[in-house]
Amino acid sequence: MVTRRLFLSGLGAAGLATGAAAGSQRLPILDVDLRGSIDASAHGIRPGAGDRKSKAFAKLLKEAAEKNMPVFLPPGDYTISNVTLPDNTRITGVAGATRILYGGDGHLFAADGLSRVELANLVIDGANRWLDDTVEGLVHLSNVAQVTIENCEIQGSSKTAVSLQRCGGRIERNRLSGAADYALYAVESHDLSVTGNHVFDCGNGGILIHRWQKGRDGTIVSGNRIARMGATRGGTGEYGNGINIFRADDVMVTNNHVSGSAFSAIRSNAGSNVQISGNTCLDSGETAIYSEFGFEGAIVNGNLIDGAANGILIVNFNEGGRLATVTGNVVRNLKLDGPYVHDGAGFGFGIAVEADTVVSGNTIENAPKWGLALGWGPFMRGLVVSGNLVRQSPVGCAVTVVEEAGSALITGNIFEDTPDGAIAGYRWNERTTGDLATESADYAHLTIERNRTG
């Protein structure tokens with residue numbers, strides 16, 4: 001490769017004479033290729049040679065960062081440990097061919113309180129080696145204003161692949177796999193985008209957008225492919241989710257393909273103003289899409305769910321969960337069994353909602369318990385359920401008739417192949433009415449009209 005060093009060496013004596021005549025101080029000539037990056041191999045950072053290059057590599061990063069220049073790593077394996085990244089770190093390589101191997105005994109990459117860090121076109125392999133308590137992931141960044149990680153493969157972490165705390169930026173077009181915990185754990189983010197990544201085979205979850213205290217977050221999670229998330233830590237939904245939102249408001253989860261999650265494909269816990277739209281959710285072990293506990297405002301629109309214990313749950317009015325629209329979703333092929341013994345309504349229903357929610361234009365097929373579940377005990381208020389199609393479910397719609405339950409309007413729905421009734425009243429799990437779609441019943445909180453059964 002032609003470098004600036006080779007080019008400048010051709011100027012030779014003329015350049016030296018000019019510099020001497022002007023009385024100027026000659027600047028050191030860096031090994032810089034025509035793309036404006038520093039070639040690490042010209043500074044003794046070459047593939048192989050064990051973990052002896054870590055200090056030299058850290059020094060080179062510092063020198064390059066001071067000049068706002070990226071470091072280029074040619075193809076090969078580089079064994080590195082315990083590198084603290086300086087501000088303005090930029091490392092790039094040849095995609096799939098430049099491999100950074102964690103040498104063990106501490107951490108790989110860590111940084112705190114920086115303006116910018118960029119990693120591109122690298123394979124970063126943790127080899128499942130031990131990481132110490134000062135870091136949560138192979139790449140552990142805190143308080144970095146602009147993080148860019150793109151077109152990298154990050155694999156084999158004994159904890160999390162990428163851990164971000166109070167960071168913004170882009171995590172884009174990466175392959176994140178084989179982490180013992182999570183592919184990406186981002187907490188207290190700002191202006192973060194997580195797009196176009198392939199995430200697979202992680203022990204306890206895929207993409208986690210969390211906050212320590214509930215508040216505005218604004219992360220966008222879009223266009224990712226996520227597969228086979230486990231739950232090695234057990235629990236009842238804390239782990240094992242493809243995408244998990246916790247206490248983070250104003251988050252968008254759109255157009256992702258999520259399959260084989262031990263629990264939920266997409267789970268939002270106490271996240272307000274969250275949009276969950278256009279996602280494909282396949283073979284979830286528990287509820288495919290969840291908006292639960294203390295949230296206000298959720299849009300669940302245009303998702304396809306095939307295979308889960310429950311389809312879509314918008315619940316926990318008792319904990320402040322309220323205000324949503326559930327529209328235009330397809331939910332099918334559910335099952336009665338879940339990953340734990342449920343002490344509430346159980347499993348096997350398509351869409352369940354509780355408070356201040358519109359449920360419209362959804363198609364539910366093959367829910368083995370209830371197609372729709374409205375309210376739970378006294379916890380129901382302000383439901384509008386219209387224009388839905390429910391078929392092949394024992395009961396098309398279960399609605400609470402417990403005292404103090406609030407209002408529900410059930411109108412203009414079609415229920416087909418619901419042998420135990422189109423609409424039935426329940427006191428928690430106990431059925432207490434006939435088919436309310438065809439029989440009159442004196443429940444002042446319910447308006448049931450213009451539904452069709454067949």
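1. By class, 19 nonpolar, 13 polar and six charged residues line the largest pocket; here Ala, Val, Leu, Ile, Met, Phe, Trp, Tyr, Cys and Pro count as nonpolar, Asp, Glu, Lys and Arg as charged, and the others, Gly among them, as polar. The model is predicted: local features need pLDDT of at least 70 and side-chain atom pairs pLDDT 80 or more, while totals for chains, interfaces and linings use all residues. Numbering runs from 1 along each chain as its sequence is written, and side-chain values use heavy atoms, without hydrogens and water.

2. The volume of the largest pocket is about 820 Å³. Of its 38 lining residues, R267, Y290, E292, F293 and N316 lie nearest the centre. Elements giving two or more residues to this lining include β20 (241-249), β26 (287-292) and β35.

3. Two cavities of 30 Å³ or more are found in the whole structure. The largest cavity holds about 60 Å³ of space, and its lining comprises eight nonpolar, three polar and no charged residues. Among them are W370, W376, Y426 and W428. At least two lining residues come from each of β35 (370-374) and β38 (395-400).

4. On terms: on a 1 Å grid over the protein atoms alone, a cavity is a set of points where a 1.4 Å probe fits but cannot get out, and a pocket is an open set with protein on both sides within 12 Å along at least five of seven lines; lining residues have an atom within 4 Å of a point. Grid points are joined across faces, edges and corners, and a volume is the space filled by probe spheres set on the points. Strands are DSSP runs (E, at least two residues), numbered from the N terminus.

5. I226, in strand β19 (residues 225-229), is buried because its relative accessibility is 0% (buried: under 20% relative accessible area, 1.4 Å probe, protein chains only). Beyond neighbours within four places in sequence, I226 is in contact with V199, I207, G242, I243, H257, V258 and S259 (contact: heavy atoms within 4.5 Å).

Technical notes:
Helix = DSSP H or I, 4+ residues; strand = E, 2+ residues; numbered from the N terminus. Buried < 20%, exposed > 50% of the residue type's maximum accessible area, 1.4 Å probe, protein only.
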